[in-house]
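Hello,

Here is the structure I said I would pass on. My notes on it follow below.

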Amino acid sequence: MMDAFVKKKPKPAKYNTSEDDRRVEEPPSKRVKRDQSYESDEDSDQHRPKYDSSLKPLPRIQREDTTDSTFDNVSAEQSETDTDAHPPRRTAIESALPEVKSTKEALEEYENFRASQGDGTDTAAERLESRKWVRGKNSIYVDAFNLALGTVLDEESHLFDEKERHIFDQWNALNYEAQYLYVRLFLRKTSLWHRIARLGYHSDIPDPEAAVNELQKSRDFPTTSSSSQPTPESTDPGLASFIQEQCVFSDKFTFADTSEDFITTVEEAIPLLSLDEMKSLAKEAKVQGKNKADLAKSICKMSNQQAGLFSLGLRRSSTMDSIDSPDRSTPETDSPGPGIGEHSNRRRHFLEKIVAITGPCIRLSLPVFKLFERVHLVFYRSTEWTEKSLTTIILAKISRRNFPQYIVSRSANIFASRAQLLEFETAMRTEFVVDNILEFNGPVTEAGFRKITEVFEEIYPRWKTLLQEEQEKEERVYESGEGAYLRRLNPAHPYTRIIHKAAYVFGRLKEHLREHRLLVELLDQRLFHLARRGSWYQRKALLEEHYMYALEPDRAYADAETQKKHWKRIAVTTCETALEDRDCHLIYHYDIQKRLVKLEKQLKVPKRLQHDFGHVRLQKPEEHFVEGIQLKKDDIVGKKGRGPSTKTVWVDEAEGEGECSVEAMCLSWYRSQGWKGYHAEGGIVRTLFAYLFFDILFLYIPNVFQTAYQTCPLDLHTDAFYPTRASAINHRLVAIANGGAAALIEEVDSRERGNRTCVVGLNWDYALEDLLELVEGFDGAALAAVCKVMAQEYGQRGGGIPDLILWRTEPRSECMFAEVKSANDRLSDTQRLWIHVLTGAGVRVALCNAVAKEVRDA
């Protein structure tokens, strides 16, 4: 197909660091913040907060074949910028590829750049290689879309039947304008109707009407078309209830629907209007409403109740009945003449009125849309992808950056059969149903909890079967850790998350015995959602301490107190097992240790036999108070019309009395105390991690390097990264603990700095001598502990790291983290967690309180 999937990148040239580069500058210089605070790229496995559109966009496969309650009737350009207010979290492919400009201007810059100008007959892969884009003939969006389709058909065409492959052939036969329009609508709100008159894209589509007609054209399937794949029921009758086919085709298909065929009622048409248009229509209909939804409801109600009052010859009594009973379809009439109601019916009148305002509309056909979604699921190995995912590969290729050396490996057997792919799709939809009940619709009722238990009862036997099958693969089939990432595309992955949610629901319903048994089963498997094991241990120990003695008493013990002690001893065993479990992440250890110590005291275990965690006992961060001059600014409007920013502005007395942030002011104070440092938040920690684990990041693991333009493996932000490389990571942690960090950094720097190789988190602007001084100030074991947290939960732990990282070489080498707080600031949960991790590892941490000794008007 294309070289992005088959070639190894050449090894970068050597770079030698001069002695001058290592010289330490005196006095210590002030470091500015190198990068913005890291936005947590949360894996779906754990720590998900209540619903936030920026964290988990609704799965695109959930689009219903109905008109949405709001209509995207703005221009194409406006529609694409509206999403900025709630940016979706970065997907796996976006996180693995380098940061590239992806604004409208950047895309135009790339598309207008012509290495040469051909006749437009090149393939997407050829244009990618030669960087040939010609406006009006080809587009980066269309090429990216076709690249995904071509790659999937080349490698995994067995997942699609004959009818579906015929649709792909018809797609390839479409002209450029039709393909461009489809792809742009595909990336917009695809469940909505789009007014043809407001589509935009005139610079790319000279004749929009022709492109629309091409997409709405009805196409026949060949008479011999039939499914070339056995149905799931015939392959395995037990799978029938776990598979819901979304791409069902009859004898014909279209790429897009026409509004004339599908919008036949006022209820379907009214959402197409803007608020101003709806107000105008409501004024004519003599109805009122507080907002758009109320206006729409009033207009629909009016059209139902007062259909043709005079022209249909209604009796007065019938009219009153129709008003009192709005659900009645048609009031009684006095036998009107034939054909009179056809043009006088009020519903028809308002429907025609709305259609006249909107003009013809277009909506992507649901079955074909879902088919292309399936293509992208297979290509990206993920159900989450965005417009940026579609173009980032090409933009990364064009960017002419240097990438690390690694082996590109893209398996063609991730989905062994069409049935497995369909089951995975269905499992994802089921998972969304559960999330929708628990997270997206406000407080959960008991009926909602019961619905989740019904889902659980349905999938539980299938989950057990898949666990057994996957365990056999792990023991007999998988090699080199390839199973960990592939399992994320196994139906058991979403099923396991549903089981986890069901355990929570049983707890809320006070069915603690069932909850405990589920937790035992979840902990018995080591294949799915390993990052959750710590939370499972915590909950299991709590149940054993407080509830199990009454729910599952041991017959060997007669009285309740003895039963309690028996189950507390079991809880002690649970805590000990958790601390010994390599997959129980470090962030859970402190709470488990506290519970273990408390239980041993309650059981009156002899002091000599009790666990002593004094070596990791958390110390409270020391407090520093820094006085400065604060500037007061009134009526500051935030970005995009939001409220004023809560960030305070200060005077940097050490740097010419200029304005600065509170962090910069505190950094100047620390500098005056002999410290060096950066305001980098998590930036410098991620840079150290990239240096120290450079070779492990790009270790060969099947399926995690699917293009030659990645800055990290696809599984780095998931719970599969650490267990897949546990042996190599643990060996590296030992080397770091033994003081080998400086040598590792020097080796990577000498090899890669000359090319400024693109690696996740690695900022080449940090001076080598600063990094070497910093790691010298770290205790080896402490640095290893920080790195272990990053390796286990890179995606979740990038945020919350203290604002300032400081070090000094006199009177001794030491480092310190400082979290800066001004008046009324409070520590967040993620900040507290990192303070626990750092203090538990023996790292010095300070809470730096900024105090205004003087307040000036700006």
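The crossing of helices α32 and α35 is right-handed. This comes from a predicted model, as does everything else in this message. Helix α32 covers residues 726-737 and helix α35 covers residues 780-792. Their axes come within 7 Å and cross at roughly 155 degrees. Angles over 145 degrees count as roughly antiparallel, and α32 and α35 are therefore roughly antiparallel to each other.

The residues that meet between these two helices are as follows:

- from α32: I729, L733, I736 and A737
- from α35: G780, A781, L783, A784, C787, K788 and A791

I also looked at one residue elsewhere, Q216. Q216 belongs to helix α8, which spans residues 208-216. Is Q216 buried or exposed? The relative accessible area of Q216 is 17%; buried means under 20%, so Q216 is buried. Leaving aside residues up to four places away in sequence, Q216 touches T254, A256, D257, T258, C361 and I362. With D257 there is also a polar pair: a polar atom of the Q216 side chain lies 3.0 Å from the backbone oxygen of D257.

For the chain as a whole, the figures are these. The chain has 858 residues, and 53% of them are buried. It contains 36 helices and twelve strands. Of the contacts with a separation of 6 or more, 77% are between residues 24 or more positions apart. The chain exposes about 39600 Å², with carbon and sulfur atoms supplying 49% of that area.

Regards

Notes: Residues are numbered from 1 along each chain as its sequence is written. This is a predicted model: local features need pLDDT of at least 70, side-chain atom pairs count only at pLDDT 80 or more; totals for chains, interfaces and linings use all residues. Side-chain values use heavy atoms; hydrogens and water are left out. Helices (H or I, at least four residues) and strands (E, at least two) are DSSP runs, numbered from the N terminus. Buried means under 20% relative accessible area, exposed over 50%, partly exposed in between (1.4 Å probe, protein chains only). A polar contact is a pair of N or O atoms within 3.5 Å; within protein, one must be able to donate a hydrogen and the other to accept it, and residues adjacent in sequence count only if both atoms are side-chain atoms. Contact means heavy atoms within 4.5 Å. Accessible areas come from the Shrake-Rupley method with a 1.4 Å probe; for residues, only the protein chains shown count as cover. Axes are lines fitted to C-alpha atoms, for helices over the stretch in contact, and angles run from 0 to 180 degrees between N-to-C directions. Angles under 35 degrees count as roughly parallel, over 145 as roughly antiparallel, 65 to 115 as roughly perpendicular and the rest as oblique. A crossing is left-handed if the near helix is turned anticlockwise from the far one by less than a right angle, and right-handed if clockwise.
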